[in-house]
Amino acid sequence: MTAIDRWREQLERWAIPAEIVAAAPESPYGFPTELFRSRGERATSPAEPTPTTARALERLSEGGRVLDVGCGGGATSLPLAGRAGVLVGVDSQADMLEGFLSNARAAGVEAEAIPGRWPDVADRVGRVDVAVAGHVLYNVAGLDPFARSLASVAGGRVVFELTERHPLHWMNDLWLRFHGVDRPDGPAAEDALEALAELGLDPVIERWSAPPRAGGFDRKADAVALIRRRLCLPPERDGELADALGPLLVDREGLWSTGPADQELATIRLGR
């Protein structure tokens, strides 16, 4: 089996059993705008550049053009606002793009929003100096066209950021507890690296750790509700779920979020 096929196969195993989705009171899919917008708001003034930001800045000239695929609220591209001339955000959710544009205005940088999925909208982007995609790859089963099209529009560099393991891996114990379902272990960042290398894109990986990304919900109940929807549970089980989350449900800087206290992350750049 090729590395590309292995990547696709491992991601397909994350599909939620059809009978659980059918019985769910709400869709477990989609992303909450509030969470991603708040992450973007807090990304404009980091204490120090992350490896992802540093690798992008190495190839970004003053006033350059940056593409952010799966931009959300702009948390990956907004740290480049001090040097970039234009940020181009691509996202399939219109409300995410509204947050991206609002955060870019607040940061004082010109921005463009392109609704749609990558690489379907690649012909609308034009040439850019640097392309970034933060916490997107685990949603991309078709890694070949996705990565190749990014490399074709980025004259300077493509930079990916992702968690070392699948971002929902930390919820595996919850799936076992509430549904008796064993969830997958892979893929991991190393699998992405091998697949990108197989494509001849010369990937280089840099591993690092950090506290959870800034941002979250104003209300504790909303943070619990997000995980409840992901688990296909009804609202009446929110109290039980909050107890099960325990220390994984945290108030950080006045915003509620869930997940491990520290993140193991990877930055992958393509080419030199």
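1. Start with a pair of strands. Strand 2 (residues 84-91) runs parallel to strand 3 (residues 110-115), and six bridges join the two. Two strands count as paired here if DSSP finds at least two bridges between them. Helices (H or I, at least four residues) and strands (E, at least two) are DSSP runs, numbered from the N terminus. Within this pair, look for Val 90, which stands opposite Ile 114 of strand 3. Between strand 2 and strand 3 the chain passes through helix 5 (residues 94-107), making a right-handed β-α-β crossover. Right-handed is meant like this: with the strands pointing away from the viewer, the path from the first strand over the helix to the second runs clockwise.

2. A word on the model, please keep it in mind: this is a predicted model, in which local features need pLDDT of at least 70 and side-chain atom pairs count only at pLDDT 80 or more, while totals for chains, interfaces and linings use all residues. Residues are numbered from 1 along each chain as its sequence is written, and side-chain values use heavy atoms, with hydrogens and water left out.

3. Now the whole protein. It has 10 helices and nine strands. Its C-alpha atoms fill a box of roughly 50 × 45 × 30 Å along the principal axes. Of the 272 residues, 50% are buried. Buried means under 20% relative accessible area, exposed over 50%, and partly exposed in between (1.4 Å probe, protein chains only). Among contacts (heavy atoms within 4.5 Å) with a separation of 6 or more, 75% are between residues 24 or more positions apart.

4. Next, which residues of helix 1 (residues 3-12) are buried? They are Ala 3, Ile 4, Trp 7, Gln 10 and Leu 11. Seen down the axis of helix 1, these buried residues fall within an arc of 135°, so they line one face of the helix. The arc is that of the directions from the helix axis to the C-beta atoms. Helix 6 (143-153) and helix 8 (189-198) are what the buried residues of helix 1 pack against.

5. Helix 10 (residues 238-245) can be read in a similar way. Its buried residues are Asp 238, Leu 241, Ala 242, Ala 244 and Leu 245. They lie on the same side of helix 10, because they cover an arc of only 160° around the axis. Their cover includes helix 7 (172-179), helix 9 (220-230), strand 7 (249-252) and strand 8 (255-258). Just after helix 10 comes Gly 246, with a positive phi of about 55°.

6. Seven of its eight residues are buried, so strand 9 is largely enclosed by the rest of the structure. Strand 5 (residues 154-163) runs antiparallel to strand 9, and six bridges join them; here Thr 163 has Leu 265 as its bridge partner. Strand 6 (residues 203-210) also pairs with strand 9 in the antiparallel sense, over eight bridges. In that pairing, Glu 206 stands opposite Thr 267.

7. Some backbone details deserve a second look. Most residues other than glycine have a negative phi, and most peptide bonds are trans. His 135 is not a glycine, yet its phi is positive, at about 60°; His 135 sits in the loop between strand 4 and helix 6. Cys 232, also not a glycine, has a positive phi of about 60°. Cys 232 belongs to the loop between helix 9 and helix 10 and counts as buried at 7% relative accessibility. The peptide bond from Trp 118 to Pro 119 is cis, with omega near 10°, and Pro 119 is in the loop between strand 3 and strand 4 (128-134). The bond from Gly 186 to Pro 187 is cis too, with omega near 5°; Pro 187 is in the loop between helix 7 and helix 8.

8. Finally, is Leu 60 buried or exposed? Leu 60 is buried, with a relative accessible area of 4%, and it lies in the loop between helix 4 (51-58) and strand 1 (64-69). Not counting residues up to four places away in sequence, the residues that Leu 60 touches include Arg 65, Leu 80 and Val 130.
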